[in-house]
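This report is for a reader meeting the structure for the first time.

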Protein chains: 2
Amino acid sequence: MSTGQERFLESARRSDQFTFTFGDVLDSSTLRAVMREVDVVYHMAANADIRGGVASPRKDIEQNTLATFEVLEAMRHVGTGRIVFASSAAALGEPEVFPTPERCAIPVQTSLYGASKMAGEGFVAAYCESYGFEGYVFRFVSLLGPRYPHGHVFDFVRQLLGHPATLTILGDGTQRKSYLHVQDCVRALIHICDEIRPENRPSRQFEVYHLGLPEVCLVRDSAQWICHEMGLAPKLEFGTGNRGWIGDSPVVLLDTQKALSTGWRPTHSIESSIRQTVRWLLEHQWIFETRK
Amino acid sequence: MSTGQERFLESARRSDQFTFTFGDVLDSSTLRAVMREVDVVYHMAANADIRGGVASPRKDIEQNTLATFEVLEAMRHVGTGRIVFASSAAALGEPEVFPTPERCAIPVQTSLYGASKMAGEGFVAAYCESYGFEGYVFRFVSLLGPRYPHGHVFDFVRQLLGHPATLTILGDGTQRKSYLHVQDCVRALIHICDEIRPENRPSRQFEVYHLGLPEVCLVRDSAQWICHEMGLAPKLEFGTGNRGWIGDSPVVLLDTQKALSTGWRPTHSIESSIRQTVRWLLEHQWIFETRK
């Protein structure tokens, strides 16, 4: 619950198929306890604050790299061997090919976050080879939609609620990025890992899938949609350069043919996802109180 | 000193330019203390026992991945920013291109050791981007020569000293691997990181170099040379398949053009390196007492 919120669980708690355990993902005894008799582990817990990695590198190593290792170890001890791992387009550094396919050149890492996620991918693959695990790695672009308490939409809305007359944008606004609605993302994970029949599954025990929309938007276009959705016309103050921060990638666009070939289809465009995120944030402004 | 030996330091200790500190590479205070006023850190400490990773995965994660992070953190705290990191051909999993160049496809990791080394590479690159470090990553093939207390030559000689009539070989003996003499390896590190003039250095802060000989030998040929050097003609008992153990790679051959382009040249062939290793082991049989 470092960035998650108990309030997000209200509707899930009403289901008798849902169990919640509060615990530290670095605590092996908690992990082993919750993983007994589990068929598949969706390991999504992570420190997702790429920008913060420069100030707090240990957080990326502990919460992403080490946590993934502890999850794998707990699975091995209790005899659960199917894992879905949330990796990131950031693990690709600054690719040279766009849209970027799963099989591309070994990246030069540009952030601790990306490096920590690629480390997790490697551990998952090694557990598949060493212990017969079945591993699915998904590299996500940035997500949008309800309950997403960070990223540029969150930052922009928070800024505009505080001072509606100006919006400060990191970088020159020309960063071109793909996004994905959280519901499309979750549907992809379940579809690819759970719904496709065994005989249609890839033969290998370890598979990497790229997830994202086949389009990009400019950060400055996103700013316009956010301002429009809020009914504001602030002065936009841009930074310099096409990177918003150390480790930011000026272009993010993944080749998602492999995921699409399974029959999965994203249903939300970038613009509608951004506008929906803004509306959700405006209707749930308590979220800003949780992230000072 | 998990695999190293104090006795290896006898000649180094006679130099007044040498200082030895006994400490744990996971202990940040020791690391910070020894790194003050250091120009460049050659980070070679690791658990190099690839085969043992299946039984003791935590060792690879702690001694390779976490240790590399702690070394980088200590360097950041004391203001030292130049690092040479010993990675491995094993970090490339099972490549599809031979000889394998530095820029190849993102590997599917086949061992915890390889995954833990690739994780370390990523951390070094991220520190270059985030904190202005200068990082040199070297992916070694297996080393040979004096003082190398593991690997197939060590195993074969130990077997033959114990029972000269039979030699058990893991796998079918057709594994084709490149090797490098430890002296050629050390000369490459010093030449590339220290001796080439700044104006001839690559412009980027992070560089990866492959190190190895441009030849391979079959494990069964190596066995013949070892037997010949020991004056023995044992019965050779082969396993099955072209992998000696889980995570073993049937072919290891690196493209070393990038390292060669700096002027470095290896001087020992595989056969002479193997024979020299055998002679060193026979002259220093106390080494077998240290590794039961």
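In chain B, the loop between strand 2 and helix 4 holds B:P99. The model is a predicted one, and in it the peptide bond that joins B:F98 to B:P99 is cis, with omega about -10°. Chain A has a cis bond as well, from A:F98 to A:P99, with omega near -10°. A:P99 is placed in the loop between strand 2 (82–88) and helix 4 (112–131) of chain A.

A second backbone feature concerns phi. Most residues other than glycine have a negative phi, and most peptide bonds are trans. A:E37 is not a glycine, yet its phi is positive, at about 60°. A:E37 sits in the loop between helix 2 (28–35) and strand 1 (41–43) of chain A. Is A:E37 buried or exposed? A:E37 counts as exposed because 8 C-beta neighbours lie inside 10 Å, and the cut-off for exposed is 12 or fewer. In chain B, B:E37 has a positive phi of about 60° although it is not a glycine. B:E37 belongs to the loop between helix 2 (28–35) and strand 1 (41–43) of chain B. B:E37 is exposed, with 8 other C-beta atoms within 10 Å.

The loop between strand 2 (82–88) and helix 4 of chain B also contains B:V108. B:V108 has 25 C-beta neighbours inside 10 Å and so counts as buried; the cut-off for buried is 20 or more. Which residues does B:V108 touch, leaving aside those up to four places away in sequence? They are A:A125 and A:F206 in chain A, and B:G93 in chain B. B:V108 and B:C128 are 20 residues apart in sequence, and their C-alpha atoms are 25 Å apart in space.

In total, 29 residues of chain B are in contact with 29 residues of chain A. On the chain B side, the elements that give two or more residues are helix 3 (57–78) and helix 4 (112–131). Helix 4 of chain B supplies the largest share, eleven residues. By class, the chain B side has 17 nonpolar, nine polar and three charged residues.

Next come two helix pairs, one within each chain. Two packed helices are described by the angle between their axes and the distance between the axes. The table gives these values.

| Helix pair | Angle between axes | Distance between axes |
|---|---|---|
| Helix 7 (residues 219–230) and helix 9 (residues 270–283) of chain A | about 45° | 9 Å |
| Helix 7 (residues 219–230) and helix 9 (residues 270–283) of chain B | roughly 45° | within 9 Å |

From helix 7 of chain A, the residues A:S222, A:W225, A:I226, A:E229 and A:M230 meet A:E271, A:I274, A:R275, A:V278 and A:R279 of helix 9. This contact in chain A has five nonpolar, one polar and four charged residues.

In chain B, helix 7 and helix 9 are likewise oblique to each other. Helix 7 of chain B passes helix 9 of chain B in a right-handed crossing. The residues of helix 7 of chain B that meet helix 9 are B:S222, B:W225, B:I226, B:E229 and B:M230, and those on the helix 9 side are B:E271, B:I274, B:R275, B:V278 and B:R279. By class, the contact in chain B divides into five nonpolar, one polar and four charged residues.

The last topic is the interior. In soluble globular proteins, nonpolar side chains tend to be buried together. The largest nonpolar core has 151 residues, and those touching the most other members are A:V124, A:F138, A:F140, B:V124, B:F138 and B:F140. Leaving out residues up to four places away in sequence, B:F140 touches B:A86, B:S88, B:A89, B:L180, B:C185 and B:L211.

B:L211 is also among the residues that B:A259 touches; the others, again not counting residues up to four places away in sequence, are B:A188, B:I192, B:Y209, B:H210 and B:W264. B:A259 is part of helix 8 (residues 257–260) of chain B. B:A259 counts as buried because 22 C-beta neighbours lie inside 10 Å. B:A259 and B:V25 are 234 residues apart in sequence and 28 Å apart in space, C-alpha to C-alpha.

Conventions:
Residues are numbered from 1 along each chain as its sequence is written. Chains are lettered from A and ligands numbered from 1 in the order in which they are written. This is a predicted model: local features need pLDDT of at least 70, side-chain atom pairs count only at pLDDT 80 or more; totals for chains, interfaces and linings use all residues. A nonpolar core is a set of buried Ala, Val, Leu, Ile, Met, Phe, Trp, Tyr and Cys residues joined through C-beta atoms within 7 Å. Two residues are in contact if their C-beta atoms, placed from the backbone, lie within 7 Å. Axes are lines fitted to C-alpha atoms, for helices over the stretch in contact, and angles run from 0 to 180 degrees between N-to-C directions. Helices (H or I, at least four residues) and strands (E, at least two) are DSSP runs, numbered from the N terminus. Ala, Val, Leu, Ile, Met, Phe, Trp, Tyr, Cys and Pro count as nonpolar, Asp, Glu, Lys and Arg as charged, and the others, Gly among them, as polar. Angles under 35 degrees count as roughly parallel, over 145 as roughly antiparallel, 65 to 115 as roughly perpendicular and the rest as oblique. A crossing is left-handed if the near helix is turned anticlockwise from the far one by less than a right angle, and right-handed if clockwise.
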